[in-house]
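Subject: Structure handed over, with notes

Dear colleague,

Here is the structure for your files. Please read the notes below it alongside the coordinates.

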Amino acid sequence: MADDYVRRTAITRISVDGEQRELLEDTISEWKRGCQIATDMAWGKCNTKSDIQPLAYDDVREHTDLGSQHAILATHQAAQAITGCIERRSKGKTVSKPTFTAPTVKYDTRTMTLFDDDTVSLSTTKSRVRCDLALPDADDGYQRQYLDSDEWSVTESTLTARDGDYLLHIGFRRPKNDTEQNTAEDGTVLGVDLGIENLAVTSTAHFVSGRELTHDLQKFETVRAGLQQTGTRSAHRTLEQSSSRELRYVRDVLHQASNAIVNEALRYGCDVIAFEDLTHIRERTGASWGHKWAFRTLYEQVEYKAEAEGISVKQVGSAYTSKRCAECGFTADENRLTRNDFRCVKCKSEANADYNAAKNIGMRYVRRGQQSSRRTGNSQLALKSGTVTPSGGFTAHPDGFEAEDTDNPHPPSAESA
């Protein structure tokens, strides 16, 4: 069914005291447990809200401290996660049962109330807590266009714990007009670049190092080659054991990396995670076979974990993302000084090369929405300091977000990417 609403998310920190912090931490812990209970019960049996809620509700209530409405929301979250897996399986992809590790909890209008004095009331496992919204001092902060408007109404929201802070991603919606065709592919986009030195870098300047993985993949490859050359039965058994250890190790590294990417998307209220097309990534990066497998596995892990959180994962063309300046749009081989360093010969902007590429990848998806008849063209790219649009619009993140020095509030010109 087509969505008849335009949806937006406004992010703000909430101020909590020690007792409120304990209640919220307990609620997040119980929420994850409730989602897992519902998923474990429904996996392989059913996938719709109408089926999972009556199946799992009583058990979620019995085995967690969640209130009745949060127990219902947990069954709905399980349904969303399982449905995402079914869709991936229908495309021939390998799926596994979803697990819930992100430090988040969902809220709806029954479990969260916004007040005119810039406070919010949130249900917890024991009682409601009322907290101040840490809004910018300026009356024209971007959150105000939703909070102070009769046009936008509050819908499902998400509370995320991050580095001791609590970020409330407040969902808003309004009916779309006749010219709008809103889809889940519009919204805030997180760009992700994959590589050797850095396994993954996001457009919000989160770096996942690839050095240890590269070293260990090379070590595994050397051991494997030696055992294969020996050719004895004992060497064959050792090779199987070594391959099994390698697989477990790499999957653990990728599990942590995929969690980091999805958590970054949650922190910045992203609706889409955009990767470059992986088809020829080995040729582009000089990656080994092991790296190519790791890139694809990482992408698939991000895909199913993000879909469990209602976030889409897409791929865009990779041409020139490593040579194009994310600040002015100028593209030249000379811009890429080394594997790690980028310096635009036109505007003199300097940045880590992978970070520059991550912003290009995300902006390419944003621009693609402007040319698509299926989308509204209202996407924006998530940076560490705020969100940016191809037309020049920049919105700073609320207090509590650290700006990145190389972020430019003036995006590159809307030339073809």
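This is a predicted model: local features need pLDDT of at least 70, side-chain atom pairs count only at pLDDT 80 or more; totals for chains, interfaces and linings use all residues.

Residues are numbered from 1 along each chain as its sequence is written, and side-chain values use heavy atoms, with hydrogens and water left out.

Overall

The protein has nine helices and 18 strands; helices (H or I, at least four residues) and strands (E, at least two) are DSSP runs, numbered from the N terminus. Of its 417 residues, 51% count as buried, where buried means under 20% relative accessible area, exposed over 50% and partly exposed in between, with a 1.4 Å probe and protein chains only. Among contacts with a separation of 6 or more, 65% are between residues 24 or more positions apart; a contact means heavy atoms within 4.5 Å.

Helix α2 covers residues 49-63, which is 15 residues. From first C-alpha to last, α2 reaches 20 Å, close to the 21 Å expected at 1.5 Å a residue; the expected span is 1.5 Å times one less than the number of residues. At Ala56, α2 bends by about 45°, the bend being the angle between axes fitted to the seven residues ending there and the seven starting there. Ala56 is also one of the buried residues of α2, with Ile52 and Val60. The buried residues of α2 pack against α1 (18-42) and α3.

Helix α3 (residues 68-90) has 23 residues and reaches 33 Å, close to the 33 Å expected. Gly92 follows α3 and has a positive phi, near 85°.

The axes of α2 and α3 are 8 Å apart, and the two helices pack at an angle of about 130°. Axes here are lines fitted to C-alpha atoms, for helices over the stretch in contact, and angles run from 0 to 180 degrees between N-to-C directions. α2 and α3 are therefore oblique to each other; angles under 35 degrees count as roughly parallel, over 145 as roughly antiparallel, 65 to 115 as roughly perpendicular and the rest as oblique. Their crossing is right-handed, meaning that the near helix is turned clockwise from the far one by less than a right angle (anticlockwise for left-handed). Residues making the contact include Ile52, Ala56 and Val60 of α2 and Ala71, Thr75 and Ile82 of α3.

For α1 and α3, the axes come within 8 Å and cross at roughly 55°. That makes α1 oblique to α3. This crossing is right-handed as well. Among the residues that meet are Trp31, Gly34 and Ala38 in α1 and Leu73, Thr75 and Ile82 in α3.

Single residues

Which residues does Thr297 touch, not counting those up to four places away in sequence? They are Arg251 and Leu254. Thr297 lies in helix α8 (residues 289-308) and counts as buried at 7% relative accessibility.

Tyr268 is in the loop between α6 (233-267) and β12 (272-276), and is buried at 2% relative accessibility. Its C-alpha is 8.4 Å from that of Leu190, 78 residues away in sequence.

Ile281 belongs to helix α7 (residues 281-285). With 0% relative accessibility, Ile281 is buried. The C-alpha atoms of Ile281 and Leu194 are separated by 8.7 Å, with the two residues 87 apart along the chain.

Regards
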